[in-house]
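The entries follow the order in which I looked things up.

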Amino acid sequence: MPRISPKRSTAISIKPLLFFVVLPILLGILVTIAPSISSRIYTFIPTLLCSSTRVTTLICSRLSLRTMATNSAPYARERRIAELAVQRAAILTRAVYTSKVKGTVTKEDKSPVTLADFGAQSLVFAALHASFPNDNIIGEEDSSDLRSNPELTSLVFTAIQDALSSNEQGAAESAELGTISNEQEMLEYIDKGDCKDSATGRVWALDPIDGTKGFLRGGQYAIALGLLVDGEVKVGVLGCPNLSAGEGEGEGVILSAVRGQGAIVKPMSADLDSISEPQQISMNQISSTSEASFCEGVEAGHSAQDLQAKIAQALGITAPSVRMDSQAKYAAISMGQGEIYLRLPTKLTYEEKIWDHAAGSIIVEEAGGELVDMYGDAIDFSTGRTFKRNKGFIAMPKSIAEDVKKVVREFAVETYGRWKSSL
Ligand SMILES: Nc1ncnc2c1ncn2[C@@H]1O[C@H](COP(=O)(O)O)[C@@H](OP(=O)(O)O)[C@H]1O
Ligand SMILES: [Mg+2]
């Protein structure tokens with residue numbers, strides 16, 4: 001009988017032990033630490049690449065953008081694409097803002113529209129189409145004024161090409177944000193915003209230049225993009241190229257919010273890759289209405305300024321109103337630059353537009369504010385391109401909301417009566 005060496009004998013007795021005890025333990029350890037090892041490798045590689053050259057910096061920022069894309073928070077991808085789309089559109093609007101050539105025409109409703117409105121709308125819709133091809137879109141502009149004006153069409157297309165070539169997107173971002181190859185494609189993108197239903201499914205609402213009069217006057221304006229899901233705003237992005245987050249002279253900010261996740265601000269940069277770390281924003285939760293200041297529009301035709309002055313007085317407000325165009329007002333109060341945004345109608349026949357409030361509303365709410373109509377009722381975003389159940393908008397910090405709503409409601413009933421919804 002062959003002699004079994006002690007070594008071999010040990011091997012035979014250890015084998016089941018290895019198989020049934022040690023191996024499972026090792027496997028368990030591996031499963032536990034694998035993600036951290038892989039993430040270390042993942043961060044180690046870009047760290048290695050991020051030496052000193054600009055090329056490696058770009059690679060790293062692309063990797064960090066990819067990481068953000070895989071962030072599993074609800075609507076993370078929608079927020080990221082919306083921010084990048086607004087950021088890219090702002091490259092175009094900024095160029096037109098400083099140019100002598102604005103391509104201004106008067107729309108049927110007598111309001112002005114510029115080549116920047118058309119260019120920004122086309123760029124944002126190209127991005128939405130590339131990333132979310134099945135979503136519906138409501139947009140302020142359509143291409144009718146361009147189709148009858150080849151010279152203006154060509155100006156818009158040139159501005160788009162300039163914007164596309166002046167931002168250094170990588171191939172991945174181009175694929176996600178889409179591109180615009182010819183005038184026909186540009187016109188088709190502009191016309192993607194003709195959706196009429198805001199109540200069902202996923203619907204984006206865009207104002208490519210909110211505050212066009214401010215834009216032409218050299219004042220504030222905003223690129224405002226919101227996502228509604230079954231009639232509720234879930235994501236909002238406001239690009240305000242002339243607003244500042246602090247005391248500075250308006251170097252531009254981009255604000256965004258996702259329902260339930262708070263609101264943030266980032267500096268606006270011409271380089272998409274250098275979008276820096278965001279800061280959480282919150283409204284001033286003051287304890288008395290007398291400490292508040294109003295943020296109001298510039299255009300006397302867009303809100304009842306005399307009535308608003310009386311309401312300010314009734315609320316004990318002594319600080320002068322901060323006046324600015326566009327949804328930059330929502331942005332300003334969300335960052336604590338003023339407290340109350342009041343927009344009472346100059347005439348009851350005017351229906352406020354969904355794109356003038358979608359993005360701003362969620363940013364203010366996620367920054368600790370409340371938005372209601374002049375009777376204190378919730379705003380209903382499900383009524384299509386215009387608001388059919390609400391007149392007069394008030395946004396304010398929650399801390400003083402009950403006092404403000406009470407006073408505004410009294411003035412509204414006295415001035416306009418108990419207006420009945422058209423639905
Ligand atoms: N009579 C009116 N009452 C209220 N809003 C009006 C209005 N006429 C035009 N507007 C809207 O007011 C917006 C500008 O708001 P503000 O006065 O706060 O800057 C305009 O957006 P656009 O500039 O995108 O056309 C337009 O939609
Ligand atoms: Mg507007």
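Entry 1: I note at the outset that the model is predicted. I looked up the strand order and found an open sheet of seven strands, β3-β4-β5-β6-β7-β8-β9, with mixed pairing. Strands β3 (136–139) and β9 (279–281) are at the edges; each has a single partner strand, so one side of each lacks a neighbour in the sheet. From one strand to the next, the twist averages 20°.

Strands β6 (residues 232–240) and β7 (residues 253–258) are antiparallel and are joined over six bridges. In this pair, G236 stands opposite A257 of β7.

**Entry 2: helices on that sheet.** I recorded that helix α3 (residues 76–97) packs on the sheet and touches β4, β5 (222–229), β6 and β7. The direction of α3 makes about 30° with that of β6. Helix α12 lies across β4, β5, β6, β7 and β8 (263–267), and runs at about 100° to β6.

**Entry 3: the five-stranded sheet.** I traced a further open sheet, of five strands in the order β11-β10-β12-β14-β13, again with mixed pairing. Its edge strands, β11 (322–323) and β13 (369–373), each pair on one side only. Strand β13 runs antiparallel to β14 (residues 393–397), with five bridges between them. Among the partners, D373 is bridged to F393 of β14.

I checked the helices here as well. Helix α12 (residues 358–366) lies across β13 and β14, at about 135° to β13. Helix α13 packs on this sheet, touching β12 (340–343), β13 and β14, and its direction makes about 155° with that of β14.

**Entry 4: α10 against α13.** I looked up how α10 (residues 305–314) meets α13 (residues 401–416): their axes come within 10 Å and cross at roughly 140°. That angle makes α10 oblique to α13. The crossing is right-handed. The contact is formed by L307, K310, I311 and A314 of α10 with V407, V408, F411 and T415 of α13. By class, I count six nonpolar, one polar and one charged residues in this contact.

**Entry 5: ligand 1.** Which residues are closest to ligand 1? I found 17 residues surrounding the ligand, the closest being G211, T212, G297, H302 and D325. The elements giving two or more residues to this shell are β4 (202–210) and α9 (212–217). By class, the shell has one nonpolar, nine polar and seven charged residues.

How values were computed. Residues numbered from 1 in each chain as written. Chains lettered and ligands numbered in written order. Predicted model: local features only at pLDDT ≥ 70, side-chain atom pairs only at ≥ 80, totals over all residues. Axes fitted to C-alpha atoms, helices over the stretch in contact; angles between N-to-C directions. Helix = DSSP H or I, 4+ residues; strand = E, 2+ residues; numbered from the N terminus. Parallel < 35°, antiparallel > 145°, perpendicular 65-115°, else oblique. Left-handed = near helix turned anticlockwise from the far one by under 90°. Contact = placed C-beta atoms within 7 Å. Nonpolar A, V, L, I, M, F, W, Y, C, P; charged D, E, K, R; others polar. Pairing = 2+ DSSP bridges. Near = placed C-beta within 6 Å.
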